[in-house]
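Student: I would like a close look at a single part of this model and at what lies around it in the chain. Please define your terms as you go.

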Amino acid sequence: MRVINWKGREITSTLRVPEDLPLIIRVDGWKFHNLAKKIDLLKPFDERMAKCMVRAAKETFDLGFPIVLAYTFSDEISFLIKPPLPFKGRVEKLVSVLPSMVASSFSTALRNMNMEANVGFDGRIVLVRREEIPEYLSWRQAEAWRNCINAYAQYALVSKGISPQMAAKRLKGMKSQELHELVFKELGVNLAKIPAWQRRGVLIYLEEYEKEGYDPISNRRILVKRRRVSVNWEPPLFSSEEGRSFISGILDMLLT
């Protein structure tokens, strides 16, 4: 009987990325259109869903991954991981363990809001240099804005009795200004004034703060630096000078 080398067939188990460089892992919800229908999410945006995504991202900071920041909108989260990378950079581990932790936290958050559903997330690795991180975040934030405009425009037509399929056809090829005008005409909504998290997403990141402590050697009170996870529901535009400065401040503190 021929002996099969099953270990040798694990062809992706040896694929690695440099463990001494920062890395972005983006996780995306699997079949969340079906999930939205099952738990009857509000259109065009449901704040409960956003809160569940933020909680899933925030809790992951405490589960062993060296996460610097996370950026989320819709059903995706981008995590910036600092070196040395877990699992010595093994891709198979990185894109399976982190999404599974997000799925677990997200499911718990749903249950806490009396919404039951089976959920799954997939993961992908994005190689990035340190100086490219603000550009990556700008790219995803631009996608968040496109997603926001399209969600409102789709809702504007569907709420008038047009089928989702026909609405998608009508919206195809329309420019941003045309979508703005459509939403304002049909819903009376100025997209520039909707909640910032819908337009710009949510940023979760580590920040330093000072806490009063006690030094037993000098027998006196001192200020001790600590770190905590902070959530910004109104992040700046990452493409702006303010946004780049904000992100650079986080990176200077945590990646040096």
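Tutor: Helices (H or I, at least four residues) and strands (E, at least two) are DSSP runs, numbered from the N terminus. The model is predicted, so local features need pLDDT of at least 70 and side-chain atom pairs count only at pLDDT 80 or more, while totals for chains, interfaces and linings use all residues. Residues are numbered from 1 along each chain as its sequence is written, and side-chain values use heavy atoms, without hydrogens or water.

The part to look at is the hairpin made by strands E2 and E3. E2 covers residues 67–73 and E3 covers residues 76–81. The two strands pair (DSSP finds at least two bridges between them) in the antiparallel sense, over six bridges. Two residues separate the strands, and Ser 74 in the turn has a positive phi of about 50°.

E2 is largely enclosed by the rest of the structure, because seven of its seven residues are buried (under 20% relative accessible area, with exposed over 50% and partly exposed in between; 1.4 Å probe, protein chains only).

Phe 79 falls within the range of E3 and belongs to the largest nonpolar core, which has 74 residues. Such a core is a set of buried Ala, Val, Leu, Ile, Met, Phe, Trp, Tyr and Cys residues joined through side-chain atoms within 4.5 Å. Phe 79, Phe 106 and Leu 110 touch the most other members of this core. Helix H3 spans 91–112, a range that takes in Phe 106 and Leu 110. Leaving out residues up to four places away in sequence, Leu 110 touches (heavy atoms within 4.5 Å) Leu 35, Ile 39, Cys 52, Met 115, Ala 117 and Val 119.

Between E3 and H3 runs a loop that contains Pro 84 and Phe 87. The peptide bond joining Pro 83 and Pro 84 is cis, with omega about 0°. Phe 87 is not a glycine, yet its phi is positive, about 60°. With a relative accessible area of 33%, Phe 87 counts as partly exposed.

The bond concerned runs from Lys 43 to Pro 44, and its omega is near -5°. Asp 40 is in that loop as well. Asp 40 has a positive phi, near 55°, in a residue other than glycine. Asp 40 is exposed, at 58% relative accessibility.

Cys 52, one of the residues that Leu 110 touches, is buried, with a relative accessible area of 0%. The closest cysteine sulfur to that of Cys 52 is in Cys 148, and at 19 Å it is too far for a bond. Cys 148 is in no disulfide either, and at 0% relative accessibility it counts as buried. The structure has zero disulfides when a disulfide is taken as a pair of cysteine sulfur atoms within 2.5 Å.

Ser 230 is found in strand E6 (residues 220–232) and is buried, at 15% relative accessibility. Apart from neighbours within four places in sequence, Ser 230 is in contact with Leu 203, Ile 204, Tyr 205 and Glu 207.
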